[in-house]
Amino acid sequence: MTSGFDALDARQRSLVEGWLPGAVVEAHLGWGLIATTVLRVRAADGGLCVVKAGGPSDHHIAREIRAHLSWLAPWVRAGRAPALLHHDADARVLVTRWLPGRLVLDDPAADDPEVYAQAGRLLAQLHAVEARLDDGYEARENARMRRWLGSAHRIPAADAARLSAMADGWPEPPAVLVPTHGDWQPRNWLVHDGEVRAIDLGRADLRPAATDLARLAARDFRRDPALEAAFLDGYGGDPRDPGSWARTRVREAVATAAWAHQVGDEAFEREGLALVAEALAGA
């Protein structure tokens, strides 16, 4: 246990020490792939909190703050997401109340269909908070994929050219956007007394509902179709339109391969490259 916040910059440290005087850091909880610091902190009154702080180029903290302020009230009221206690978007730092639970990733709960049914119901609740029509979403996502293809990656050059050509031929219809988690999978679920809870809203944004199924479809739904059936039953249907879903899967594959390469996550990069190959084989 340490008593300081050495991982934070001076402004972040000053804010946190003002918000939580006398608090001590108990553990570092980050994944270590991006410049985001995640700390479990014991407050002076004995309560547990989570401090999240981003580096100079971070945009995850602002997204998470927006999610807490705009969309998470139903989850927080039900005890399904951590309550926001303090935040400063300009300083890229926030504090939430600690949410008890076991991480579902690498836990027996990761193979329990009931966990996926609950995760489906929880996600449907988030998606129902608001909806808006966006004429430019598809064009922005196509441009984003082209930026990934123009960045550092190990996608074969011929495949990258083919992917770019595919995007050139895609339609760009209006899309219905809803609040999405952005990384909806067992690594961001907790289970406590049989109840599934959600953490880590650093990728939250307004997107089509189906995008929140992309990471589950790449992993968990593949290894056990019963998990997919339970999830969709909990969600109340399947939000995936075949045309837009196919485009989503290709974009997700490209982003995964490029991002993982750039942060040095070789296992995740291999997964992304396999998804790219699969997408091209099915095109």
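A residue is called buried when its relative accessible area is under 20%, exposed when that area is over 50%, and partly exposed in between, as found with a 1.4 Å probe on the protein chains only. By this rule Asp106 is exposed, since its relative accessible area is 74%. The structure is a predicted model, in which local features need pLDDT of at least 70 and side-chain atom pairs count only at pLDDT 80 or more, while totals for chains, interfaces and linings use all residues. Residues are numbered from 1 along each chain as its sequence is written, and side-chain values use heavy atoms, with hydrogens and water left out.

The description may begin with the strands. Helices (H or I, at least four residues) and strands (E, at least two) are DSSP runs, numbered from the N terminus; two strands pair if DSSP finds at least two bridges between them. An open sheet of 3 strands, paired in the antiparallel sense, has the order S6-S9-S10. S6 and S10 are its edge strands, each pairing on one side only. Strand S6 (residues 102-103) is joined to strand S9 (residues 189-192) by 2 bridges in the antiparallel sense, and Leu103 has Leu190 of S9 as its bridge partner. On the other pairing, S9 and strand S10 (residues 195-198) run antiparallel and are joined by 4 bridges. Here Leu190 has Arg197 of S10 as its bridge partner, and His192 stands opposite Glu195 in S10.

The turn of this sheet deserves attention. S9 and S10 form a hairpin with 2 residues between them. Asp193 lies in the loop between these two strands, and its phi is near 50°, a positive value in a residue other than glycine. With a relative accessibility of 74%, Asp193 counts as exposed. Asp106 is not a glycine either, yet it has a positive phi of about 65°.

The interior comes next. In soluble globular proteins, nonpolar side chains tend to be buried together. A nonpolar core is a set of buried Ala, Val, Leu, Ile, Met, Phe, Trp, Tyr and Cys residues joined through side-chain atoms within 4.5 Å. The largest such core has 40 residues, and those with the most contacts inside it are Trp75, Tyr116, Trp184, Trp189 and Phe231. Two or more residues of this core come from each of helix H4 (113-127), strand S8 (175-180), S9, S10, H7 and helix H9 (225-235). H4 provides the largest share of this core, 7 residues. Leaving aside neighbours within four places in sequence, Tyr116 is in contact with residues including Ala109, Pro186, Trp189, Leu216, Arg223, Leu227 and Phe231. Apart from this core lies another core, of 20 residues, among them Leu149, Leu163, Ala253 and Ala255.

On a 1 Å grid over the protein atoms alone, a cavity is a set of points where a 1.4 Å probe fits but cannot get out, and a pocket is an open set with protein on both sides within 12 Å along at least five of seven lines; lining residues have an atom within 4 Å of a point. Grid points are joined across faces, edges and corners, and a volume is the space filled by probe spheres set on the points. The second largest pocket holds about 240 Å³ of space. It is lined by 17 residues, of which Trp245, Ala246, Arg249, Val250 and Ala279 are the closest to its centre. Helix H7 (214-218), helix H10 (242-263) and helix H11 (266-282) each supply at least two residues of this lining, and H10 gives the most, with 8 residues.

The structure also holds 1 cavity of 30 Å³ or more. The largest cavity contains about 60 Å³ of space, and among the residues that line it are Gln185, Arg215, Glu252, Phe268 and Glu271. H7, H10 and H11 each supply at least two residues of the lining of the largest cavity, with the largest share, 3 residues, coming from H11.

Gly18 counts as exposed, at 55% relative accessibility. The C-alpha atoms of Gly18 and Pro174 are separated by 46 Å, and these residues are 156 residues apart along the chain.

Notes:
Contact means heavy atoms within 4.5 Å.
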